[in-house]
Amino acid sequence: MKRFISYVFAGLMMTGCNDFLDLKPIDFPTEETFYNDVKGLEGAVIGVYDELQSGSQYGGNFMTLMEIRGDNVMDDNSGAGGGIRYQIEVFTETPANTNLSNAWSSLYKTIYRCNLVLHNAKSVKMTEDKYNEIVGQVSFVRALSYFNLVRLWGKVPLVTEPQTVEDARNNKREEVSVIYNQIIEDLKVAKSLPSEWPDEEKGRVTSYAACALLAKVYLYMEEFDKVYEELIPIVSVIKEGKVLSLVPTPETFPNNLKTSKDIIFAVQYLKGGIGESVHQNNRYRNNDNENVISLSQSEFESDNDNRKYLLAPTGSGERPGKFDAPATNNETSSDFPVLRCADVMLMYAEALNELSQSPTQEALDALNAVRNNAGLPDKELSDFVSKESLRKAIYKERRLELALECDRWFDIVRTNIFNEVFVGVDSYRVLYPIPQTEIENVNDKSDWQNEGYIIG
């Protein structure tokens, strides 16, 4: 939009005074006219999805902040890029780290776009179904953005309306509980979305995606009864196997992410020099030890586990099999999964286990469904002497099943094993420092930095 305004201004400077008053932007939308009809709003929805593709989110930075930070992948090149990425690996990042500021900025850009759509949709005439489709999709993306923000930084500004620069300078960080309440409300709105879209619209958010993400939010809040309630209908659909289904991981990754029934929601990419691809380096390509698979092959139960070779260590210039989709001129169309059926089954197993006093067959059946999908035999109820032992098995299955999918770091934090996995690292590092650039932009800087970090 700024670029368009610059073009208009330049045109005015080159036009005679007599023509000045007659100049009107006829063929191009402006921020004042773009959201005045359904067509404009639908275009804006595409813009909301587009920012998820950003190299500062699922196109790159999230792999650093959510996987390099964990114990499945490591950066073993302290000199690359001035060591900014390596700082995340070894817990020495400061508020000046650009991985943090870029991710923060992109997430709030996404939220800003969502807020514009939600604000303007109220005044555009459309059918109720169309309104629910538009509002539901952007409500989901706003919820996902805040879910990532609150898990990465804890307290963050809660912005639900378009803001001016001056408005933003007065922002304060909101309590985590309030952020979660907003996420829940947005996802309840998104549950009104269709359960399926026409083939040409595949990839948009569905009601199943909204329910699955809401269940994951409740999982982080440890409200296991609500996790169970949200997942019951999705688990039923997965078991039916017509719309959603467990699919062996090698049949989904790396080439069938767009069509696999295992995918509930993914950020999509396209090759072809049109700016919709992802650089192959940002799918864990091992360049000079910048992406070293540290998940040991010994963690897998046997060679029969069909996920094992997808997560094998890589040599120079190689990507792990899980994301080794073909690349042309460094472009790959490798989608990034956000929610999968296997994740749903493991959340279901965890919720059932936490709601019981001892291991149950229903919880074990959900775990075994994922194991069978990986080519492994059933576990028996007698294999687990306590709910704690089944919990441990579920956690391990999450690590193996969802490796490289930006879940492991958050699972380490939420299951309280941070000090066990990272011995000697200060506990305050479970949250990242608020980017220094953001603190510099606000008027009242009090309570703007997380514990343990220093405002420069």
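1. The lining of the second largest cavity holds three nonpolar, one polar and four charged residues. Here Ala, Val, Leu, Ile, Met, Phe, Trp, Tyr, Cys and Pro count as nonpolar, Asp, Glu, Lys and Arg as charged, and the others, Gly among them, as polar. The model is predicted, so local features need pLDDT of at least 70 and side-chain atom pairs pLDDT 80 or more, while totals for chains, interfaces and linings use all residues. Residues are numbered from 1 along each chain as its sequence is written, and side-chain values use heavy atoms, without hydrogens and water.

2. The residues lining this second largest cavity are Y395, R398, R408, D411, I412, R414, T415 and I417. Its volume is about 40 Å³. On a 1 Å grid over the protein atoms alone, a cavity is a set of points where a 1.4 Å probe fits but cannot get out, and lining residues have an atom within 4 Å of a point. Grid points are joined across faces, edges and corners, and a volume is the space filled by probe spheres set on the points.

3. Both α15 (387–401) and α16 (408–414) give at least two residues to that lining, and α16 has the largest share, four residues. Helices (H or I, at least four residues) and strands (E, at least two) are DSSP runs, numbered from the N terminus.

4. The whole structure has four cavities of 30 Å³ or more. At least two lining residues come from each of α7 (128–153), α10 (207–220) and β7 (336–340).

5. The second largest pocket (an open set of points with protein on both sides within 12 Å along at least five of seven lines) has a volume of about 480 Å³. Of its 18 lining residues, Y49, Q53, K202, G203 and Q268 lie nearest the centre. Two or more come from each of α3 (38–52) and β2 (263–267), with α3 giving the largest share, four residues.

6. Helix α14 (residues 361–373) has 13 residues and spans 18 Å from first C-alpha to last, close to the expected 18 Å (1.5 Å times one less than its number of residues). Its buried residues (under 20% relative accessible area, 1.4 Å probe, protein chains only) include A363, L367 and V370. Among the elements covering them are α12 (249–252), α13 (341–354) and α15. Just after α14, G375 has a positive phi of about 90 degrees.

Key
Buried means under 20% relative accessible area, exposed over 50%, partly exposed in between (1.4 Å probe, protein chains only). Contact means heavy atoms within 4.5 Å.
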